[in-house]
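Dear colleague,

I am passing on the structure below, together with some notes on what came out of it. Please read the notes with the structure open beside them.

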Amino acid sequence: MGVLRAGLCPGLTEEIVQLLKGQRIKTVADLAAANLEEVAQKCSLSYKALVALRRVLLAQFSAFPLNGADLYEELKTSTAILSTGIGSLDKLLDAGLYTGEVTEIAGGPGSGKTQVCLCVAANVAHGLQQNVLYVDSNGGMTASRLLQLLQARTQDEEKQAGALRRIQVAHAFDIFRMLDMLQDLRGAMAQQATASSGTVKVVIVDSVTAVVAPLLGGQQREGLALMMQLARELKILARDLGAAVVVTNHLTRDRDGRRFKPALGHSWSFVPSTRILLDVLEGAGTLSSSQRTMCLTKSPRQPTGLQEVIDIGTLGTEEQSPALPAEQT
Amino acid sequence: MQRELVSFPLSPAVRVKLVAAGFQTAEDILEVKPSELSKEVGISKEEALETLQIVRRECLADKPRCAGTSVTVKKCTALELLEQEHTQGFIITFCSALDNILGGGIPLTKTTEVCGVPGVGKTQLCMQLAVDVQIPECFGGVAGEAVFIDTEGSFMVDRVATLATACIQHLRLIAGAHTDGEHQKALEDFTLENILSHIYYFRCHDYTELLAQVYLLPDFLSDHSKVKLMIIDGIAFPFRHDFDDLSLRTRLLNGLAQQMISLANNHRLAVILTNQMTTKIDKSQALLVPALDLQHCTSRPARRSPQFHFRSRLRDFEMLPSLLLRHRQERL
């Protein structure tokens with residue numbers, strides 16, 4: 001809530017601000033919580049004036065409630081379901097990525113998170129013709145791989161170039177730059193609210209753990225706050241701007257050291273509404289196999305525990321050939 | 001734009017005082033003068049000025065009219081990124097099997113990890129790459145300089161001199177086959193003294209020195225803009241002993257990895273890390289896995305950076321240093 005300053009609302013003069021400061025009322029929240037009769041007596045201000053002031057400030061700073069029916073209507077018109085381009089992933093996500101929600105893909109190293117993100121970006125940019133923002137925080141994004149995925153979908157070079165132009169890539173290797181960038185995006189999109197073209201429909205953050213993990217634990221006390229700031233920014237982006245947010249997360253060992261769970265702890269587990277765990281197929285042989293299992297561990301719509309198998313070598317193509325991909329030139 | 005003060009890189013003491021004085025968002029602070037701020041909050045004038053600079057610089061970037069400063073995060077489309085990737089070269093290793101697997105050589109702007117058992121040839125490969133990065137562009141190289149950070153003390157200058165001499169001879173043979181003078185002219189600068197003087201060597205004895213060196217690197221790299229390769233020989237070594245707090249170790253390694261990736265990306269250089277191997281006992285069988293292994297503890301993004309197809313051949317890569325040694329022995 002804002003600091004009380006002269007001119008914040010009509011009727012709030014510098015004199016009143018100074019008198020209130022003398023009573024240790026510095027912010028709007030303090031004024032809302034104060035006992036106005038006492039304040040009126042001690043400051044020798046009129047009680048009516050203080051009540052009127054409080055009403056005006058609250059109206060300026062508070063949020064308005066919405067009734068359920070209006071909310072449902074709004075959601076029906078504004079929510080879109082974006083297909084990821086991977087049939088089995090769409091099955092797990094109940095038809096695709098929902099705008100207004102944060103979806104998390106967690107997995108160990110080499111399990112295919114970046115590949116899934118690239119496939120989603122390629123599909124949304126080419127198949128659905130929408131803009132994508134790809135935030136890369138661990139250097140795993142290569143445009144040549146995106147081109148390979150697009151070439152598997154269409155041979156037309158103009159269409160490939162068009163799709164590549166719709167994908168914006170930003171590199172943010174620490175938390176403050178990432179927060180800056182998400183803020184910039186919010187500002188830019190709020191100003192373009194009337195223009196329907198040019199709005200970003202999918203925001204992919206690969207990965208969130210890379211920027212947050214160095215801050216958590218030990219003597220540092222701000223790590224958790226910064227992580228929740230990031231969570232808030234992502235949720236505001238998803239909700240206010242009608243975008244689907246995809247984040248990737250790493251795995252960490254359980255407390256008893258036997259099983260794996262998504263990193264960033266309990267607090268982060270409340271942030272995404274859907275969580276998918278990627279794992280190497282057991283018994284499939286060495287790491288050179290490209291088969292992965294996807295398990296749905298959290299979802300607001302589907303029962304958890306659903307599993308599907310994908311081949312990250314031939315993501316998003318019609319034929320699921322078992323051969324490994326060709327050498328990258 | 002309502003932006004909380006928590007999301008700015010301010011020092012914790014200053015932030016606590018700002019919140020106690022009632023300032024919570026950037027908007028509250030934007031209109032205030034430094035002297036007023038220092039009086040109200042109880043911080044020194046320099047701190048108030050610094051705080052306002054940080055907050056204002058970030059907020060100024062919100063306005064689309066402002067030209068992008070170095071503080072704003074640069075965005076580019078995937079098409080531009082593709083063009084950049086096509087024009088940037090690879091650092092060749094002079095072993096064609098290795099170059100084939102890597103798709104041309106060690107890629108720039110990415111981090112590559114080389115792991116292997118002791119004596120397999122990791123440091124030899126790094127020394128060879130420190131010479132290869134200096135190959136002139138007309139021979140297919142990147143014509144850059146190298147930074148070598150040594151934690152194990154296994155760098156031997158005479159060996160580098162031998163490698164450099166062999167490289168010069170190899171390039172002379174190639175230049176002899178070309179009739180135009182371009183190759184000959186490029187070779188004039190490619191002498192033993194020049195090669196050795198463009199390898200910047202740092203020796204770090206423990207993890208504190210290593211961390212300090214890495215944090216000082218951005219300034220060094222802005223002075224020496226021709227550096228295209230950074231080698232850290234033995235990233236596991238300073239972290240494997242004398243470390244009681246394992247979570248601190250993980251955090252430090254994560255932070256180090258992010259620094260590496262950030263340097264690789266901002267200064268367009270290749271980062272190579274070498275790692276040791278350790279034995280992991282898993283279900284009554286002993287496996288040889290890379291030390292500080294990321295498969296079974298919190299991940300290390302440095303390992304994830306190798307290109308897509310390179311990851312799938314990571315196991316094969318462990319065999320390659322032994323192939324390399326045999327190849328060298330056959331050549332000599």
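The notes below go from the whole chain to single sites.

This is a predicted model, in which local features need pLDDT of at least 70, side-chain atom pairs count only at pLDDT 80 or more, and totals for chains, interfaces and linings use all residues. Residues are numbered from 1 along each chain as its sequence is written, chains are lettered from A and ligands numbered from 1 in the order in which they are written, and side-chain values use heavy atoms, with hydrogens and water left out.

Confidence comes before the details. The mean pLDDT (the predictor's confidence in each residue, from 0 to 100) of chain A is 83, and 91% of its residues reach 70 or more. Over residues 319-329 of chain A, however, pLDDT stays under 50, and the model has 21 contacts beyond four places in sequence for them, a contact being heavy atoms within 4.5 Å. Where pLDDT is low, the predicted coordinates should not be read in detail.

Chain A holds 13 helices and 12 strands, taken as DSSP runs numbered from the N terminus (helices H or I, at least four residues; strands E, at least two). Of its 329 residues, 51% count as buried, where buried means under 20% relative accessible area, exposed over 50% and partly exposed in between (1.4 Å probe, protein chains only).

Helix H1 (residues 14-22) of chain A has Ile16(A), Val17(A) and Leu20(A) as its buried residues. Seen down the axis of H1(A), these fall within an arc of 100°, so they line one face of the helix; the arc is that of the directions from the helix axis to the C-beta atoms. Their cover includes helices H2 (28-33), H3 (36-43) and H4 (47-61) of chain A, while the face of H1(A) turned away from the buried side carries the exposed residues Glu15(A) and Gly22(A).

Arg24(A), in the loop between H1 and H2 of chain A, has a positive phi of about 65° although it is not a glycine, and at 71% relative accessibility it counts as exposed. Gln129(A), in the loop between helix H7 (113-126) and strand S4 (131-136) of chain A, likewise has a positive phi, near 55°, and is partly exposed, with a relative accessible area of 47%. Finally, the peptide bond from Asp206(A) to Ser207(A) is cis, with omega near -5°, and Ser207(A) is placed in the loop between strand S6 (200-206) and helix H11 (208-212) of chain A.
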